[in-house]
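Hello,

Here is the structure I promised to hand over. My notes follow below it.

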Amino acid sequence: MKKLSKWSIFYLCIVFVILYAPIFYLIFYSFNSGGTMHDFDSFTLDWYKELFQDTRLLVIVLNTIIIALLSAAISTIIGVLGAISISMIRKKGFRNSILSLNNVLIVSPDVIIGASFLIFFTIIGIKLGFFSVLLSHIAFSIPIVVIMVLPKLEEMSPTLVDAALDLGASWKDVLTKVIIPYISQGIFAGFFMALTYSLDDFAVTFFVTGNGFTTLSVEIYSLARRGISLNINALSTLLFLFTLLLVIGYYFITKRVNKTPQAGVRK
């Protein structure tokens, strides 16, 4: 493997500093007793205590986590079935057309997607709130899951499925004992990507949320518009740490999956 040059390493360091410096700046001032992001007076945990005493904000955090988990789970199930269906299409032109339609939600601006969902829910009479946000998050997460799972399906040899069917396995057994174990790494990747997209989404959620229900990203935006408050820093710090835990969890899960023998592969 070719080693990176000194200039490449220097360039990567600059990129990481630009990416992470604002985050660490935000985290640093979340412990400032002065209440500003200019002069650091002394270390304090008062902003975190204030955060945990805010019952309304804790309910919003709970709503955000429930929406993220539900949308990630449902979109993963639909996305896996969709990816399997796409992989079984024999006509290349039709398959590429389906993939292009799948990718529309990924490349489309979030503002357009959010406005489209708002118009759609208004026309069919769905009240804006928990259900509208959940449906929107499921909809934009499904294409992400498909993209994550499809490459693993393309790696799998079709002879594995044919051999299982020749041995008398039903399609249910083929799906649960051959296909899903083989693509499990892609499934985990799709689930975690859908989870993080749901947690981070602002633009789409801003359009489809209603009175009495909101998510963390929309609430942070509302708080920031009222003026700088370091409880926003504390909240953002906890969100960053939670996301970091998700990444670490995903790393160990995929590492464990890689160690387990896949269907049709001898170790």
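Residues 24 or more positions apart account for 71% of the contacts in the protein chain with a separation of 6 or more. Contact here means heavy atoms within 4.5 Å.

Some ground rules. This is a predicted model, so local features need pLDDT of at least 70 and side-chain atom pairs count only at pLDDT 80 or more, while totals for chains, interfaces and linings use all residues. Residues are numbered from 1 along each chain as its sequence is written, and side-chain values use heavy atoms, with hydrogens and water left out.

**Overall fold**

The protein chain has 12 helices and 0 strands. Both are DSSP runs, numbered from the N terminus: helices are H or I with at least four residues, strands E with at least two. The C-alpha trace spans about 70 × 60 × 30 Å along its principal axes. Of the 267 residues, 37% count as buried. Buried means under 20% relative accessible area, exposed over 50%, and partly exposed in between (1.4 Å probe, protein chains only).

**Surface and charge**

The chain exposes about 16,400 Å², and carbon and sulfur atoms supply 69% of that. Areas come from the Shrake-Rupley method with a 1.4 Å probe; for residues, only the protein chains shown count as cover. There are 20 positive and 14 negative side chains, and the centres of the two sets lie 12 Å apart. Lys and Arg count as positive, Asp and Glu as negative; His and the chain ends are not counted. Each charge is placed at NZ of Lys, CZ of Arg, CG of Asp or CD of Glu.

One nonpolar surface patch covers about 830 Å². Its members are Leu62, Ile66, Leu70, Ile74, Ile77, Ile78, Leu81, Phe130, Phe131 and Leu135. Helices α3 (55-87) and α6 (130-155) each give two or more residues to the patch. The largest share, 7 residues, comes from α3. Patch residues have over 30% relative accessible area and no salt bridge; nonpolar side chains (Val, Leu, Ile, Met, Phe, Trp, Tyr) are joined within 5 Å, like charges within 9 Å. Ile78 sits in α3. Its relative accessibility is 40%, so Ile78 counts as partly exposed.

His137 is in helix α6. It is buried, with a relative accessible area of 1%. Leaving aside residues up to four places away in sequence, His137 touches Ile67, Ser71, Ser198, Asp201 and Thr205.

Thr209 lies in the loop between α10 (203-208) and α11 (216-226). At 15% relative accessibility, Thr209 is buried. With the sequence neighbours up to four places away not counted, Thr209 touches Leu128, Val133 and Thr214. Thr209 and Asn63 are 146 residues apart in sequence, yet 12 Å apart in space, C-alpha to C-alpha.

**Salt bridges**

The structure holds 3 salt bridges. The criterion is a side-chain nitrogen of Lys or Arg within 4 Å of a carboxyl oxygen of Asp or Glu.

- Glu219 pairs with Arg56, closest N and O atoms 2.7 Å apart. The pair links distant parts of the chain, α11 and α3, 163 residues apart. Glu219 is buried at 4% relative accessibility.
- Glu154 pairs with Arg95 at 3.0 Å between the closest N and O atoms. This pair also links distant parts: Glu154 in α6, Arg95 in α4 (residues 92-107), 59 residues apart. Glu154 is exposed at 51%, whereas Arg95 is buried at 19%.
- Lys152 pairs with Glu155 (3.4 Å, N to O). Both lie in α6, 3 residues apart, about one turn of the helix. Lys152 is buried at 14% relative accessibility.

Best regards
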